[in-house]
Amino acid sequence: MRRLAKAIDGLAEPAVEKIAKDQQEDPFQVLIATMLSAQTRDAVTAAASARLFRVARTPRSMAKLTPAQIQTLIYPVSFYRLILAHSSQENICVDTHVHRISNRLGWVKTRTPEETEHALYRVARRRWWPIINLYLVTWGQNVCRPVYPLCPQCVLADVCPKVGVTRVGRPVNEQRSEAGGRRSEGRGRRSEAGGRRSE
Ligand code: SF4
């Protein structure tokens, strides 16, 4: 920690730390800036927070703004529509999983989650919008993982072009049996070593 203390001296601070200092550590503003910082680059968080706090710095003044006004002020932070909290049927919440899997499936061809969100509005039927996030995040955490996706056991394998996938993971049962094999091999080595000792 002492080495890091010296090494970070002079480097740019994380946006939320900087906002906390600039706003005299006002808890409301730190909370809002922290929410805006989710999946958002620091420079974007800092600029969005500054725009918002110029117009409204307190819960009371912020409550007077319309959602559209707030969206305009904080755009383009990643989650500028807070979709789940209001059960929105109108938006698609795109995080890293939705971005990655939509591209692997060939639904979109995009470089950023922001581009993916807008591309999905064009290609996905509206009735799926509210649940795309739920389905793809669940799939991304369990099967279509960032590295070594489990394509051989994926229910979409026959319709998925697997765009950008170079190496796939092995099915869980194969991993288990291999781990079991390694364990018994380990036991074998131990007993072999035991044998050598007794020799
Ligand atoms: S087949 Fe592979 S790349 Fe395609 S969705 Fe399934 S796990 Fe992801």
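## Confidence

The mean pLDDT of the chain is 84, and 84% of its residues reach 70 or more. pLDDT is the predictor's confidence in each residue, on a scale from 0 to 100. This is a predicted model: local features need pLDDT of at least 70, side-chain atom pairs count only at pLDDT 80 or more, and totals for chains, interfaces and linings use all residues. Residues are numbered from 1 along each chain as its sequence is written.

Confidence is highest in α7, at a mean of 95, and lowest in α10, at 52. Over residues 186-199, pLDDT stays under 50. For that stretch the model has 0 contacts beyond four places in sequence. Two residues are in contact if their C-beta atoms, placed from the backbone, lie within 7 Å. Where pLDDT is low, the predicted coordinates should not be read in detail.

## Overall fold

The chain has 10 helices and 0 strands. From the N terminus on, the elements run α-α-α-α-α-α-α-α-α-α. Helices (H or I, at least four residues) and strands (E, at least two) are DSSP runs, numbered from the N terminus.

Of the 199 residues in the chain, 18% are buried. A residue is buried if 20 or more other C-beta atoms lie within 10 Å of its own, exposed if 12 or fewer, and partly exposed in between; C-beta atoms are placed from the backbone. Among contacts with a separation of 6 or more, 46% link residues 24 or more positions apart.

The largest nonpolar core has 13 residues. Ala-15, Ile-19, Ala-33, Leu-36, Ala-48, Leu-52 and Ile-74 touch the most other members. Helices α2, α3, α4 and α6 each supply at least two residues of this core. The largest share, 4 residues, comes from α4. A second, separate core of 10 residues includes Val-94, Val-98, Trp-107 and Val-108. A nonpolar core is a set of buried Ala, Val, Leu, Ile, Met, Phe, Trp, Tyr and Cys residues joined through C-beta atoms within 7 Å. In soluble globular proteins, nonpolar side chains tend to be buried together.

Take Ala-15 from the largest core. Leaving aside its neighbours within four places in sequence, Ala-15 is in contact with Ala-33, Ser-37, Asp-42, Thr-45 and Ala-46.

## Helix α3

Helix α3 spans residues 27-36, and its buried residues are Gln-29, Ile-32, Ala-33 and Leu-36. Seen down the axis of α3, these fall within an arc of 100°, so they line one face of the helix. The arc is that of the directions from the helix axis to the C-beta atoms. The face turned away from the buried side carries the exposed residues Pro-27 and Leu-31. What covers the buried residues includes α2 (15-22), α4 (42-55) and α6 (67-74).

Arg-41 lies in the loop between α3 and α4. Arg-41 is partly exposed, with 13 other C-beta atoms within 10 Å. Arg-41 and Pro-14 are 27 residues apart in sequence, yet 9.7 Å apart in space, C-alpha to C-alpha.

## The α6-α7 loop

The loop between α6 and α7 (96-104) holds Pro-76. A cis peptide bond joins Tyr-75 and Pro-76, with omega about 10°.

Asp-95 is in this loop too. Asp-95 is partly exposed, with 18 other C-beta atoms within 10 Å. Asp-95 and Glu-117 are 22 residues apart in sequence and 9.1 Å apart in space, C-alpha to C-alpha.

## The α9-α10 loop

Tyr-148 is found in the loop between α9 (129-142) and α10 (172-198). Tyr-148 has a positive phi of about 50°, although it is not a glycine. Tyr-148 is exposed, with 12 other C-beta atoms within 10 Å.

Lys-162 is also placed in the loop between α9 and α10. The phi of Lys-162 is near 55°, again positive in a residue other than glycine. Lys-162 counts as partly exposed, with 16 C-beta neighbours inside 10 Å.

## Ligand shell

The ligand is surrounded by 14 residues. The closest are Cys-144, Pro-149, Cys-151, Cys-154 and Cys-160. A residue is near a molecule if its C-beta atom, placed from the backbone, lies within 6 Å of it.

The shell divides into 12 nonpolar, no polar and 2 charged residues. Ala, Val, Leu, Ile, Met, Phe, Trp, Tyr, Cys and Pro count as nonpolar, Asp, Glu, Lys and Arg as charged, and the others, Gly among them, as polar.
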